[in-house]
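Open the model in your viewer and keep the selection panel at hand. The tour goes stop by stop.

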Amino acid sequence: MTETVIVVALLLVAVAATAAVAVRDPVRQSLVLAVLGVVLAVLFTVLQAPDVGLSQLAVGSALTPLLLLLTVRKAKRRGRRAERGRSAGGDGP
Amino acid sequence: MNGWILAAVLVLVTGVGATLWGVAGGPLRRRATAQNLCTALACPVLLLLAQGYGRPAYVDLALVLAVLGPVGTLVFARLLADELADDPPHARGPTWTAAALGAAVVGAVAVATGPGRALVKLLVIGVLLVGGNLIASRALAGGMQEGRGD
Amino acid sequence: MRLWLVAVGGAGLAALLVAACLRLPGFGGDRHPYGDRAVEAALSRHTANTVSSVTFDQRAFDTLGEMSILFAAVLGSVVLLRQTRDEHRARPEPAAVSRPVRRYALLVLPVALLTGLYVIAHGQVSPGGGFQGGVVAATALHLLYLGADYRALERLRPLAPYEAADALAASSYLVTGLAALLAGSAFLANTLLPYGTFNTLASAGTVPLLNAAIGMEVACAVVVLLAGFLDQAVEIVDEGEHDEHAEHDGGGKTGGNAADGGDHDDSGKRGK
């Protein structure tokens with residue numbers, strides 16, 4: 001029974017991590033990453049490592065998405081300006 | 001070997017598995033909704049696991065997730081407001097189902113815990129979980145900005 | 001050639017990993033030579049949470065290193081994300097957040113702050129500790145940005161005290177370690193305080209002290225880090241970013257380094 005939980009959690013982590021790699025757009029990737037963080041926390045709990053799970057929840061649920069989305073916002077704004085500035089550039093972030 | 005862990009596995013496979021499928025593809029609104037539902041469903045899973053392993057200290061994980069999960073969704077609702085405004089997500093059914101599940105799990109664990117300080121903590125988690133996720137899903141649906149919501 | 005090098009290195013790594021995995025003890029076995037000793041040491045110092053005992057007592061020196069890494073990383077990002085000469089600050093326009101979200105944010109902010117402090121304070125008794133609680137507390141402050149706007153956060157979060165508190169917390173960790181040295185034992189040894197009653201808040205000797213230092217350090221570090229990111233994303237704009245005439249800033253000024261990417265123009269301009 002306890003093994004079943006571990007196997008289920010491991011499978012979910014494997015699927016979530018693969019999805020996080022497969023998605024290309026950083027905004028969508030950050031959404032997958034948030035889900036991956038939660039599933040990882042469940043895996044750590046199931047493996048009786050609640051301290052690690054708590055760290056994962058604290059960092060992964062709000063802090064990482066905030067940092068990622070703020071970075072994307074800044075990069076997009078700069079990219080838009082660079083596009084406006086030059087017609088022949090093509091080096092968006 | 002007990003019903004609590006079995007229930008946790010069930011919620012994990014059907015609920016969290018479904019949100020994983022939802023977040024992995026499709027338009028932005030579907031992914032954002034799935035992210036919100038994922039935290040709303042993982043919190044009851046953590047509560048069930050804490051009860052199943054007989055370790056009340058594990059409840060702290062559910063507490064942190066109940067506090068920070070909706071905050072994470074608000075981050076997405078705030079910083080993706082422009083993208084979501086064109087195509088706002090509406091997932092009334094799944095949201096209320098997840099809220100009802102959360103309330104039911106908190107109730108069941110509360111009955112098993114009995115009165116005491118642990119019960120107060122559980123009720124706080126329940127209120128934060130259900131209230132937070134309802135607010136967060138409303139914010140995703142366009143209720144973040146004044147005048148744009150319903 | 002390069003591909004071959006990668007292939008050889010990868011094959012060697014894979015072979016070593018497989019060899020190591022074959023010698024691992026079975027999953028979920030009952031032989032834990034390190035774990036048994038760690039639990040015994042934790043119990044002898046009245047620490048209920050063995051993980052806390054390992055991080056803040058048995059391996060407190062490693063935690064000092066980890067704390068220094070975080071400190072250096074935040075210092076580096078503060079330097080990188082500072083306002084450069086060709087950037088200026090624009091006042092962020094106030095955001096109109098709807099009433100339920102604002103109410104929720106203002107209600108949950110104290111609860112989240114309290115949760116963070118609770119996790120820090122109970123580090124020696126239950127799962128959690130300085131790092132986890134510090135991150136939760138720092139995230140709680142940013143509910144002000146989510147529930148109101150950036151100006152509200154700035155008004156309630158003067159940055160200088162947080163930078164000072166970050167350094168203060170980092171040095172207080174060192175001072176606790178040195179105090180043990182002065183008292184006649186090893187650096188960071190858990191010998192200063194009585195071990196107290198098992199499974200209460202006042203237990204485990206210096207573990208709660210170090211926990212509090214790490215909690216304060218992490219909370220302040222995260223606040224400073226997020227302030228850098230928020231400044232860049234919300235307030236700091238490049239020269240001419242709001243100009244309607246695109247040719248204006250694409251002309252003579254950035255023309256020199258337009259070839260190597262205009263979006264990294266600050267590196268080129270600093271030399272002037």
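Start where α3(B) meets α5(C): their crossing is left-handed (the near helix is turned anticlockwise from the far one by less than a right angle; clockwise would be right-handed). Helices here are DSSP runs of H or I with at least four residues, numbered from the N terminus.

A note on the model before you go on: it is predicted, so local features need pLDDT of at least 70 and side-chain atom pairs count only at pLDDT 80 or more, while totals for chains, interfaces and linings use all residues. Residues are numbered from 1 along each chain as its sequence is written, and chains are lettered from A and ligands numbered from 1 in the order in which they are written.

**Stop 1: the helix pair**

Select residues 59-79 of chain B, which form α3(B), together with α5(C). The two pack at an angle of about 145 degrees, with their axes 11 Å apart. Axes are lines fitted to C-alpha atoms over the stretch in contact, and angles run from 0 to 180 degrees between N-to-C directions.

Which residues make the contact? On α3(B), pick B:D60, B:L63, B:V64, B:V67 and B:L74. On α5(C), pick C:V101, C:V108, C:V111, C:A112, C:T115 and C:V119. Contact requires C-beta atoms, placed from the backbone, within 7 Å. Colour by class: nine are nonpolar, one polar and one charged. Nonpolar covers Ala, Val, Leu, Ile, Met, Phe, Trp, Tyr, Cys and Pro; charged covers Asp, Glu, Lys and Arg; the others, Gly among them, are polar.

**Stop 2: chain C against chain B**

18 residues of chain C are in contact with 20 residues of chain B. On the chain C side, α5 (99-121), α6 (130-141) and α7 (143-147) each supply at least two residues. α5(C) gives the most, with eight. That side has 13 nonpolar, five polar and no charged residues.

**Stop 3: chain A against chain B**

Now 32 residues of chain A are in contact with 36 residues of chain B. From chain A, α1 (2-22), α2 (26-46) and α3 (50-85) each supply at least two residues. α2(A) gives the most, with twelve. The chain A side divides into 26 nonpolar, four polar and two charged.

**Stop 4: two positive phi values**

Most residues other than glycine have a negative phi. Select A:Q48, in the loop between α2 and α3 of chain A. Its phi is near 60 degrees. Then select C:H46, between α2 (33-44) and α3 (50-58) of chain C. Phi of C:H46 is also near 60 degrees.

Buried or exposed? A:Q48 is exposed, with 12 other C-beta atoms within 10 Å. C:H46 is buried, with 20. The cut-offs are 20 or more for buried and 12 or fewer for exposed, with partly exposed in between, counting other C-beta atoms, placed from the backbone, within 10 Å of the residue's own.

Methods: Two residues are in contact if their C-beta atoms, placed from the backbone, lie within 7 Å.
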